[in-house]
Amino acid sequence: MRETRQATPGRRVSLRRQLMVGILLPVLLFVGFNTVVLYRQMLRAADTAYDRTLLATAKAIGEQLAIEGQGEQARLSGKLSYAALEAFEADNRSRLFYRVTGFAGEMVAGFPDLRPWDGRMPDRGLYAALVNFYDDDYQGVPVRVAVLLQPVSGTERQGMATIQVAETLELRQTLARQILLDTLWRQAGLVLVIAAVVVAVVHRVTRPVRALSAELASRPENDLRPLDAGLAPREIAPLIEGANLHMARLSELLEHQKRFVRDSSHQLRTPLAVLKTQVQSALRGDVEPRLALEEIAQTVQGATELANQMLALAKVEQLRSQADIPLSDWAPIVHTVALDLSALVADKSLDFELETQATPVRAHEWSLRELTRNLLHNAVRHSPPGGRLAIRLALHGTRAELCISDAGPGISAAQRERLFQPFSTDATDPGAGSGLGLAICLGIVQALHGQITLENRVEQGRISGLDARVALPLATPD
C-alpha cells in the first residue's frame, strides 16, 4: 500500500525566501569579491605613494655623497645624520633606517646591521632611476626597503653607490586597516540598501499571490467560479489559467454526479415501485404464481438493464481523465457484438450485412463494445421484420468510420432536438427502453475525440431508414 505524504507547513518552501536568497546571495558574493579587490588596489596605491617617499629619501641621501682622496686613495664619503631623515618621516609611528655602500662594497654610512642588498635591478621599472623595492626585516621588525644605485663622480674617479632606505610598516598597516574599515562600511551600507530594496520588491511582487490565496481561502467550498487573471502578472497567469481549467473540469464532474444521482433516483423509483406492487399482488393471490413470477422477472430484468446502463454512463466519465489509453482493433469487437445480438437479428428475420477492415484506434475494448452494442441494438429494435440491416467499418483518411444502416422509420424533428439527452425517449413507445443508449454513445465518442451523427436516409423523397455514423481518429504508431 502506498503511503501518501502530505506537506506540513514547516516543510513548505517559501517563495519569498527563495527570491531573497537567490538575489541577495549573488550580491553578497559579488560585494565580498569586490571588497577584496578594492582593498588590494588601495593597498597597492598606498604602497606606491610610500615607495615614492622612500625613493625621495634615497635620492636625498645620494645628493650628499662625494668622493674624497686622490688616485687610488679616492673613496666614497658622506656626512649624514639621522636627523636629516626626519623630514621624510610621515609621523612618529614609523622609523627610517639607511645604509650606504661604496664602490667596492664597503660600508660608508648608515646602520651597519641593515642587511646589504644582493639582488638585481628589474629590467623595466616604474621610475627612471635604478631603484628596486622589496620586503625585509630589521632587528626582527618587518620593513619596506628601497635600494637605489646612485652614480657618484669626482675629478679623478667615478662609480656607483648603493643606497638602501628601510621604513617600518606601522604607518602602512594603520592605513591598510583604515582602508579596510572604510571599504567594509561602504560595502555594508550598499548591501543593506540592496537588501531593503529586494525585500520591498519581493513583497510587492508576491502581493498578487497572497491576494489570490486569500481569495481562494475566503470562498465557500462549492464556489468553483474561475479566478480573475486580469491584474495578475504574466508569470503567474499560466498558473491561474491552469487552476481555472481544473476548476472547470471539477465543476463539470460535480454537475455530472448531481445529474447522475438525480436521474438515478428518478428512474429507479418507477421499476422498484412496480416490483413492490407486483410482489404485494402475488402475496395476496390476485394473480397466478407463475404469471406473477414472470411479471416480476420482467421488471427485474428491465431494472437490471437500466442499472447497467447507468453504471456504463458513469464509467464513460472516467475516460475523459485517462491519459494512457491502450491500442485496440475495432473490427473484431464489431464482429463479437454482432454475434452476441445475432439472436435478435434472427428473431426479426433481418437481411443482415457485415463488412469490416482492420481499424486500430486508441480506446478501451469495453468502450468500443458498449458503443457498438448500443447503436446496433437500437438499429435492430427499430428495424421492421424482414428489413435490411448493414454494418460497415472502414478507413477514411486518418479516421475510422462505423456506419450502421437500418430500415426503420428514422427520427423526427422533435426527437432530434433531444436525441442524445439521457432519459429523453418517448415514454409512450413500448420499446423505448431507458433512454440512455445514445447518451452513452455520445459520451464515449466525445471522450475518444470522435464524432457521432444520426441522419435519415432518404430515397425517392421518403425516409428509408437511419444511418448512425461514428468517426474516431486512427491510432498513430508509438
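This is a predicted model: local features need pLDDT of at least 70, side-chain atom pairs count only at pLDDT 80 or more; totals for chains, interfaces and linings use all residues.
Running over residues 365-382, helix H8 counts 18 residues. From first C-alpha to last, H8 reaches 26 Å, which is close to the 26 Å expected at 1.5 Å a residue.

Turning to charged pairs, the structure holds 17 salt bridges. In general terms, side chains of opposite charge can pair when their charged atoms come close. Glu-353 takes part in a salt bridge with Arg-388, with 3.0 Å between the closest N and O atoms. This pair ties together distant parts of the chain, as Arg-388 belongs to strand S11 (residues 388-396) and Glu-353 to strand S9 (residues 351-356), 35 residues away. Glu-353 also meets the side chain of Arg-392 in a salt bridge, at 3.4 Å from N to O. Here again distant parts of the chain are linked, with Glu-353 in strand S9 and Arg-392 in strand S11, 39 residues apart. As for solvent, Glu-353 is partly exposed at 29% relative accessibility. Arg-388 is partly exposed as well, at 38%, and Arg-392 comes out as partly exposed at 33%.

Elsewhere, the side chains of Arg-172 and Glu-167 form a salt bridge of 3.8 Å, N to O. Is this pair buried or exposed? Arg-172 has a relative accessible area of 10%, so it counts as buried, and Glu-167, at 4%, is buried as well. The two residues also belong to a network: salt bridges with shared partners join Asp-47, Asp-51, Asp-135, Arg-144, Glu-167 and Arg-172.

Ser-405 sits in strand S12 (residues 399-406). With a relative accessibility of 8%, Ser-405 is buried. Its side chain makes a polar contact of 2.7 Å with the side chain of Asp-467. Setting aside neighbours within four places in sequence, Ser-405 touches Arg-388, Leu-389, Ala-390, Arg-457, Leu-466 and Asp-467. One name on that list, Arg-388, has already come up as a salt-bridge partner of Glu-353.

His-203 is the other residue picked out here, and it lies in helix H2 (residues 170-205). His-203 is partly exposed, at 35% relative accessibility. Once neighbours within four places in sequence are left aside, the contacts of His-203 are Arg-16 and Arg-210. Met-20 is also worth a look: its C-alpha lies 10.0 Å from that of His-203 in space, although 183 residues separate the two in sequence.

That leaves the cysteines. A disulfide is a covalent bond between the sulfur atoms of two cysteines. How many disulfides does the model have? With sulfur atoms required to lie within 2.5 Å, the count is zero. As for where individual cysteines sit, Cys-441 is buried, with a relative accessible area of 0%. Cys-403 is buried too, at 9%.

Methods: Residues are numbered from 1 along each chain as its sequence is written. Side-chain values use heavy atoms; hydrogens and water are left out. Helices (H or I, at least four residues) and strands (E, at least two) are DSSP runs, numbered from the N terminus. The expected span of a helix is 1.5 Å times one less than its number of residues. A salt bridge is a side-chain nitrogen of Lys or Arg within 4 Å of a carboxyl oxygen of Asp or Glu. Buried means under 20% relative accessible area, exposed over 50%, partly exposed in between (1.4 Å probe, protein chains only). A polar contact is a pair of N or O atoms within 3.5 Å; within protein, one must be able to donate a hydrogen and the other to accept it, and residues adjacent in sequence count only if both atoms are side-chain atoms. Contact means heavy atoms within 4.5 Å.
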